[in-house]
Every structure is written in structure tokens, then in C-alpha cells.
Amino acid sequence: MGVTELWVSVDDASPYIGEWCSDEQGTPAVFTSITSDMTVYAVYTKAYTVTMQTGTGYTLSTQTGSKSPAKEGGSFTVRFALANSYQKTADFAVKVNGVKVELAADGAYTISDIRENQTVTAEGVAKKAGKPSGSGGDKEDGRNPGTASAAEKKPEGRPGAAPKQKENGKPEEKSGTDGMDAGTPETESTDARSSRGGGADARTAGNRKQRQDHRDSDRGDGYFRKNTRTG
């Protein structure tokens with residue numbers, strides 16, 4: 001047997017929805033494998049819309065099997081899901097017409113016995129805080145702060161070595177030859193130069209005395225030889 005086209009027209013502004021049913025109670029009619037005449041009823045049911053508000057960091061979606069408008073006295077299941085990089089805060093809540101509801105473990109909630117339009121909202125969702133830059137300590141060029149590279153380190157007492165710096169920024173004074181550039185003669189103290197100069201003067205005076213003694217001796221020998229020849 002053939003099937004006659006059936007349709008129900010309801011104004012978009014109407015709070016009713018219509019469908020063909022197998023009885024007056026609203027049992028949906030099944031129009032497959034028809035083998036005999038059948039009677040169907042156009043049943044109009046009052047219905048209500050379910051609105052799910054959108055927001056940042058989450059989604060509210062309709063679970064399979066639910067649809068809006070929903071029949072009066074019917075049910076509608078909505079599902080909440082967080083977006084990546086977002087989290088629930090202490091103020092998190094999903095509300096239906098301004099009343100907080102408890103979600104199931106899978107984030108679903110079923111609105112039952114609907115008898116008015118429904119609005120579903122979510123709040124208390126925020127972006128996750130990012131990790132601090134350079135976690136584990138600030139680094140520069142892969143080094144820890146204050147760590148000098150091999151090129152920056154200079155051994156003390158070698159050419160080009162910079163003197164150590166005190167906390168006040170002045171070079172640290174060193175005794176002896178530490179921190180001096182190679183090839184730089186050590187400066188003698190005034191006492192050392194005086195002592196060395198005094199020794200040289202003493203040697204010079206001794207040499208002069210020896211030469212004087214030799215001259216006196218030579219003069220004495222000449223006088224003796226002269227008197228000997230004269231006598």
C-alpha cells in the first residue's frame with residue numbers, strides 16, 4: 001500500500017508543536033511496512049524552547065535524543081565540557097533558569113518535566129595560569145645567573161688577568177707579586193736601593209784606598225833605591 005503525504009503546519013511563534021500519532025495520546029505513528037489501512041491523529045503539544053548560552057572556555061551541547069523545542073512535561077539533556085587550557089574556579093556553576101544544578105560525572109544534566117522555556121548558563125571558568133618563564137631559575141644563554149663562561153674566566157697572576165674586585169667596586173690589593181703582569185720587573189723599595197747603593201760606595205772607597213797604598217809604596221821604594229845609589 002502507498003503512503004499519503006501528511007504534514008502539520010504550526011506557526012513559528014506558536015508555543016505548540018504538532019506531529020502525526022497513532023493515537024490521541026501522542027504516540028508517534030510509524031509509517032513503515034504498512035499492510036493495511038491505518039488511522040493517524042494530528043496531535044498538537046505545547047512545547048518550550050531550551051536555550052544554551054555560549055561563553056569562553058567551555059561548550060554547552062545537546063545530548064543525542066534531545067531536541068528543542070521540548071514537549072511540555074518532557075525532558076532535555078545538556079552536556080557541559082571545558083575547553084583546552086581552561087579550568088573550573090571556586091565560583092564554577094552551571095545554572096538552569098538561574099538555579100545551580102549538579103552535573104553528572106560526564107558533565108551532563110537532564111532537565112525534567114519541562115513546563116516553561118529553559119535557559120542554561122555556565123560561569124566560573126578561567127584560563128589556566130601559565131608556568132613561569134625559565135622555570136627552575138632564570139638563565140641567560142643557557143647559564144645560571146652569575147656563572148661566568150670559560151672565556152670570561154681569567155687566572156690570576158697571568159698576562160691580561162684583571163684584579164679581583166671588592167664589593168665596593170675597587171680593585172683588591174695584593175701583597176707580593178700576585179696579580180702582576182708577567183715580564184714586569186718588581187719595583188725595589190727605597191731601603192733596598194739605599195742598602196745596595198751603600199755597599200757600592202763602600203767598595204769604591206776600599207778600591208781608592210788600595211790604589212793610594214800602592215802609590216805610597218812605590219814612592220817609598222824609589223826613595224830607598226835613590227839613597228842607596230847615592231851612598
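Guide: Here are some labels used for this structure, each set against its definition. This is a predicted model, so local features need pLDDT of at least 70, side-chain atom pairs count only at pLDDT 80 or more, and totals for chains, interfaces and linings use all residues. Residues are numbered from 1 along each chain as its sequence is written, and side-chain values use heavy atoms, with hydrogens and water left out.

Visitor: What makes up the protein, in helices and strands?

Guide: The protein has one helix and 10 strands. Both are DSSP runs, numbered from the N terminus: a helix is H or I with at least four residues, a strand is E with at least two. From the N terminus on, the order is β-β-β-β-β-β-β-β-β-β-α.

Visitor: Why is Thr121 called buried?

Guide: Buried means under 20% relative accessible area, exposed means over 50%, and partly exposed lies in between (1.4 Å probe, protein chains only). Thr121 has 18%, so Thr121 is buried. Thr121 is found in strand E10, residues 118-127. Of the 231 residues of the protein, 16% count as buried.

Visitor: How do you know what Thr121 touches?

Guide: A contact means heavy atoms within 4.5 Å. Leaving out residues up to four places away in sequence, Thr121 touches Gln53, Leu60, Ala93, Val94 and Lys95.

Visitor: What makes Ile17 partly exposed?

Guide: Ile17 has 25% relative accessibility, so Ile17 counts as partly exposed. Ile17 lies in strand E1. The C-alpha atoms of Ile17 and Tyr44 are separated by 5.5 Å, though the two are 27 residues apart along the chain.

Visitor: How do you know that E1 pairs with strand E2?

Guide: Two strands pair if DSSP finds at least two bridges between them. Six bridges join E1 to E2 (residues 41-48), so the two count as a pair, and they run antiparallel. In E2, Val43 is the bridge partner of Glu19.

Visitor: Which strands stand at the edges of that sheet?

Guide: The open sheet has three strands in the order E1-E2-E5, with antiparallel pairing. E1 (16-21) and E5 (70-71) each have a single partner strand, so one side of each is left without a neighbour in the sheet.

Visitor: What joins strand E7 to other strands?

Guide: Seven bridges join E7 (residues 86-96) to E10, antiparallel. Lys88 stands opposite Val125 in E10. Three bridges pair E7 with E8 (residues 99-101), also in the antiparallel sense. Lys95 stands opposite Lys100 in E8. The hairpin of E7 and E8 has two residues between the strands, and Asn97 takes a positive phi near 55 degrees there.

Visitor: Why is the link between Glu19 and Lys71 called a salt bridge?

Guide: A salt bridge is a side-chain nitrogen of Lys or Arg within 4 Å of a carboxyl oxygen of Asp or Glu. For Glu19 and Lys71, the closest N and O atoms are 2.3 Å apart, so the pair qualifies. Glu19 lies in E1 and Lys71 in E5, so the pair ties together parts that are 52 residues apart in sequence.

Visitor: What about Glu123 and Lys95?

Guide: Their closest N and O atoms are 3.4 Å apart, so they form a salt bridge. This pair links distant parts of the chain: Glu123 in E10 and Lys95 in E7, 28 residues apart.

Visitor: How many salt bridges does a search of the whole structure find?

Guide: Five. One of them joins the side chains of Asp113 and Arg115, at 2.9 Å from N to O. Salt bridges that share partners join Glu72, Asp113 and Arg115 into one network.
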